[in-house]
Amino acid sequence: MRAVSAEKASRRRRAPWLPGLLLRLLLWGCAGGRAGYLRRSSSCTAIPRGMALCYDIGYSEMRIPNLLEHETMPEVIQQSSSWLPLLARECHPDARIFLCSLFAPICLDRLIYPCRSLCEAVKRSCAPVMACYGYPWPEILNCNKFPADHELCIAAVSTDESSSSRRTVPRASCKDCELEEASTAREILDSLCANDFTVKIRILRKNTTTTVSDFELDPSRVEVLKHGPLLITEIPGRLQQWLDIDATCAHNIMRGTHAGVFVISGEVQSDKVVVNKAYAWQKKNRNLHQAVRRWKHHRCPEQAGRKV
């Protein structure tokens, strides 16, 4: 077996699933198992920096043609780039591994497909997000085409027993959620009136090592400005549920920081809350500070109408 460079070794250490795959490949070969046969025209090539989907995935060389029958690198780069927006939605922590196993199959002496269970897990979380934008789950990613778990294949990483979190995989929301600019105090007050609830909270990022970060609410830093149909005592739990299931919204609000204080408002939809507005609580946001100070004595239009 060829010696690998320090750079390649470093890349492999950053792919926690790779050592397990190589071990399975060794055992599979000893047992006389079968995997996908290589085409005569198949060759190994470096994953270029221009292939943003899979560059620095944990290995440096890929097979071409790939498992989606793309024949040239320009075609691979073009087709793979169309999946970057989905990754940005953080719909599943293993989405990148799944896609790269097809677009940039690891350069071994045989073709290794993703396991059917990996495909199904990614599809379960990501297909609804694609549907938000009118795109169906493509037939080329039909999970029935991929091998069962007992065969040689690339398995899911996020379900590993070593995972520190056993919560449900976060799901991205169809609704975009970004930090708002605190334009004027009046506009902020109108926004607070239009929503079911408003709270000032502190959010903490629990990890930065996985594709989808975990966030948690600081229970000592929850200030309820408006509770609407919610009981004040149930708000922390509802907000933690929101942080658990709406990965995209929480990620966009945090903007790469490890902790932050925010004023958020939203609506109650059956058994969950949906955040519609989020403002960063910072000294420079004077309009936000002014709106929060005025909120206690502010009357929303419908309240003023009932008073008359």
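A disulfide is a pair of cysteine sulfur atoms within 2.5 Å. The views below come from a predicted model, in which local features need pLDDT of at least 70 and side-chain atom pairs count only at pLDDT 80 or more, while totals for chains, interfaces and linings use all residues. Residues are numbered from 1 along each chain as its sequence is written, and side-chain values use heavy atoms, with hydrogens and water left out.

**View 1. The disulfide of C193 and C300 is left-handed.** By the rule above, the count of disulfides comes to 6, and in one of them C193 and C300 have their sulfur atoms 2.1 Å apart. The torsion about the S-S bond of C193 and C300 is about -85°, so this link is left-handed. Because C193 belongs to helix α7 and C300 to the loop between α10 (286–295) and α11 (301–307), the pair ties together parts that are 107 residues apart in sequence. Helices here are DSSP runs (H or I, at least four residues), as are strands (E, at least two), and they are numbered from the N terminus. C193 and C300 are both buried, where buried means under 20% relative accessible area, exposed means over 50% and partly exposed lies in between (1.4 Å probe, protein chains only).

**View 2. A disulfide joins C91 to C126.** The sulfur atoms of C91 and C126 are 2.0 Å apart, and with 90° about the S-S bond their link is right-handed. The pair links distant parts of the chain, with C91 in the loop between α4 (84–88) and α5 (95–103) and C126 in helix α6 (residues 116–132), 35 residues apart. Both C91 and C126 are buried.

**View 3. C115 and C153 are joined by a disulfide.** In this pair the distance from S to S is 1.9 Å, and the link of C115 and C153 is right-handed, with 90° about the S-S bond. C115 lies in the loop between α5 and α6, whereas C153 lies in the loop between α6 and α7 (185–194), so that the pair links distant parts of the chain, 38 residues apart. C115 and C153 are both buried.

**View 4. F98, W137 and F146 form one aromatic cluster.** A search of the whole structure finds 2 aromatic pairs, counted where rings of Phe, Tyr and Trp (its six-membered ring) have centres within 6.5 Å, with planes under 30 degrees apart taken as stacked, over 60 as edge-to-face and the rest as tilted. F98 and W137 form a stacked pair, 6.4 Å centre to centre and with 15° between the planes. Since F98 is in helix α5 and W137 in the loop between α6 and α7, this pair ties together parts that are 39 residues apart in sequence. The rings of F98 and F146 have their centres 6.0 Å apart and their planes at 80°, so this pair is edge-to-face. F98 is buried, with a relative accessible area of 0%, and F146 is also buried, with a value of 4%.

**View 5. The charged end of K200 sits over the ring of W281.** The charged end of K200 is 4.0 Å from the centre of the W281 ring; a charge sits over a ring if NZ of Lys or CZ of Arg is within 6 Å of the ring centre and within 35 degrees of the ring normal.

**View 6. A259 is found in strand β5 (residues 259–269).** At 34% relative accessibility, A259 counts as partly exposed. Leaving aside neighbours within four places in sequence, A259 is in contact (heavy atoms within 4.5 Å) with R202, I203, L204 and M254.
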